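Subject: Structure handover

Hello,

Please find the structure below.

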Amino acid sequence: EARGLRPGAPLRRRQRPTEVQMSSAARDGRDPALVGDALSRLATERGWSADLSVGGVVGRWREVVGDQLADHCTPETFDDGLLVLRTDSTAWATQVRLLVPQLLRRLEAELGPDVVRDVKVVGPAGVQWGHGQRRVAGRGPRDTYA
């Protein structure tokens with residue numbers, strides 16, 4: 001009687017709970033994720049997709065813009081749709097400013113629309129001689145000084 005058995009009572013069989021199928025050929029949420037899928041999902045959730053795609057273009061800069069432009073112009077920063085390019089002379093800065101519409105079309109083909117919305121071209125960073133308490137004002141550094 002303590003075990004739940006009563007003389008003359010019909011035997012009750014224990015019913016097993018319905019078993020949940022733990023494995024099948026179809027993919028479900030418990031399957032391990034591929035590394036590439038997990039990283040792309042993480043980049044999308046965090047909003048890194050645009051930055052990562054621009055980083056890919058920066059890594060392939062010579063292939064994207066060509067040898068001649070890549071020799072004289074390098075990407076410096078990318079922030080909020082603005083790509084800043086630094087050139088090695090003011091003459092090349094002027095030339096690249098004239099090529100900005102073609103460059104934007106090329107970047108749109110590589111990255112998709114509205115990733116790079118504007119390109120800012122800056123000249124070379126000159127040598128700064130204005131240090132110390134005593135200095136003479138003069139012409140200052142030129143970008144072709146070597």
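**Strand pairing**

Leu82 stands opposite Asp118 in strand S3, and Arg86 is opposite Val122 of S3. This is a predicted model, in which local features need pLDDT of at least 70 and side-chain atom pairs count only at pLDDT 80 or more, while totals for chains, interfaces and linings use all residues. Residues are numbered from 1 along each chain as its sequence is written, and side-chain values use heavy atoms, with hydrogens and water left out.

Strand S2 (residues 82-87) pairs with S3 (residues 118-122) in the parallel sense, over five bridges. With S1 (residues 73-79), S2 pairs in the antiparallel sense over six bridges; Pro75 has Leu85 of S2 as its bridge partner. Two strands count as paired if DSSP finds at least two bridges between them. Helices (H or I, at least four residues) and strands (E, at least two) are DSSP runs, numbered from the N terminus. The hairpin of S1 and S2 has two residues between the strands, and Asp80 there takes a positive phi near 55 degrees.

The three strands form an open sheet of mixed pairing, in the order S1-S2-S3. S1 and S3 are the edges, each with a single partner strand, so one side of each has no neighbour in the sheet. On average, neighbouring strands of this sheet are turned by 25 degrees against each other, direction ignored.

**Helices**

Helix H5 packs on the sheet and touches S1, S2 and S3, its direction making about 165 degrees with that of S3. Axes are lines fitted to C-alpha atoms, for helices over the stretch in contact, and angles run from 0 to 180 degrees between N-to-C directions. H6 lies across S2 and S3, at about 130 degrees to S3.

The axes of H5 (residues 90-98) and H6 (residues 100-111) come within 5 Å and cross at roughly 60 degrees. The contact (heavy atoms within 4.5 Å) is made by Val96, Arg97 and Leu98 of H5 and Val100, Pro101 and Gln102 of H6.

**Thr87**

Is Thr87 buried or exposed? Thr87 is buried, because its relative accessibility is 3%; buried means under 20% relative accessible area, exposed over 50%, partly exposed in between (1.4 Å probe, protein chains only). A polar atom of the Thr87 side chain lies 3.1 Å from the backbone oxygen of Ser89, and this side chain reaches the backbone nitrogen of Ala93 at 3.5 Å. Not counting residues up to four places away in sequence, Thr87 touches residues including His72, Trp92, Val96 and Val121.

Regards

Note on methods
Polar contact = N/O pair within 3.5 Å; in protein donor to acceptor, adjacent residues only side chain to side chain.
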